[in-house]
Amino acid sequence: MTPRLNDSTASFSPNQTKQIAEDFAKTLKGGEVIFLEGELGTGKTTFVQGAAKALGYGGPVRSPTFTIVNIYPASHETIKKIVHIDLYRIKNKSELSALALEELVQDPNSVMFIEWPSLLRPLLKTKPKRIIFEETNSVRKIEII
Ligand SMILES: Nc1ncnc2c1ncn2[C@@H]1O[C@H](COP(=O)(O)OP(=O)(O)OP(=O)(O)O)[C@@H](O)[C@H]1O
Ligand SMILES: [Mg+2]
């Protein structure tokens, strides 16, 4: 039998996206870099809200559009920190290196969720997990790769 590599799920509401994220977050152990890929408004930040809840963070998760990097404490056996990054406004490599993300990437007790990650891809030494968000006729397809 061919092993199942991809898993794609339909989401019809923000709560459903959060539930999918909660289930995904339960598979995390710490040290993961997770790319959230998809157009504006497809549910990437909503996904992080669900994931953060599953990792024991009870506070609000807001879009890091302007702050670029938001860090939340996790309450989990091995994951202590949730790093939520939005690189939408970062235009080039020098702006990216000014963020000094390397230290964050190497922390085995953190998980990183990165929206608009393409500039970061060539700098990563390890393979990120990828979550692809697609919207057609207000149905979101969420694919975990
Ligand atoms: N099935 C769904 N899943 C997630 N969000 C949904 C869904 N249906 C409607 N929405 C709405 O779509 C919007 C998704 O916004 P969100 O900030 O999560 O997107 P985003 O992908 O992070 O966008 P951006 O690229 O601008 O950061 C919210 O207003 C949410 O209420
Ligand atoms: Mg967002």
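Reader: Is His76 to be read as buried, exposed or partly exposed, and why?

Author: Buried means under 20% relative accessible area, exposed over 50% and partly exposed in between, with a 1.4 Å probe and protein chains only. His76 has 24% relative accessibility and therefore counts as partly exposed. The model is predicted: local features need pLDDT of at least 70, side-chain atom pairs count only at pLDDT 80 or more, and totals for chains, interfaces and linings use all residues. Residues are numbered from 1 along each chain as its sequence is written, chains are lettered from A and ligands numbered from 1 in the order in which they are written, and side-chain values use heavy atoms, with hydrogens and water left out.

Reader: Where is the place of His76, and with which residues is His76 in contact, leaving aside its neighbours within four places in sequence?

Author: Helices (H or I, at least four residues) and strands (E, at least two) are DSSP runs, numbered from the N terminus. His76 lies in the loop between strand E3 (69-73) and strand E4. Contact means heavy atoms within 4.5 Å. Beyond the excluded neighbours, His76 touches Leu28 and Leu55.

Reader: Which residues coordinate the magnesium ion (ligand 2)?

Author: Donors are N, O and S atoms within 2.8 Å of the metal (3.2 Å for Na, K and Ca); water is not among the atoms, so sites may look incomplete. Here Thr45 (OG1) and Glu115 (OE) coordinate the magnesium ion, at 2.1 Å. The pair connects distant parts of the chain, 70 residues apart: Thr45 belongs to helix H2 (residues 44-54) and Glu115 to strand E5 (residues 110-115). Both Thr45 and Glu115 are buried.

Reader: How many residues of H2 are buried, and against which elements do they pack?

Author: Eight of the 11 residues of H2 are buried, which leaves the helix mostly covered. Among them are Lys44, Thr46, Phe47 and Val48. The buried residues of H2 pack against helix H1 (14-25) and strands E2 (33-38), E4 (81-86), E5, E6 (129-136) and E7 (139-144). After H2 comes Gly56, with a positive phi near 90°.

Reader: What pattern does the protein chain follow along the sequence, and why is it described as compact?

Author: The pattern is β-α-β-α-β-β-α-α-β-β-β. The radius of gyration is 15 Å, close to the 15 Å that the globule rule gives for 145 residues, so the chain is as compact as a globular protein of that length. This radius is taken over C-alpha atoms, and the rule is 2.2 Å times the number of residues to the power 0.38. Of the 145 residues, 40% count as buried.
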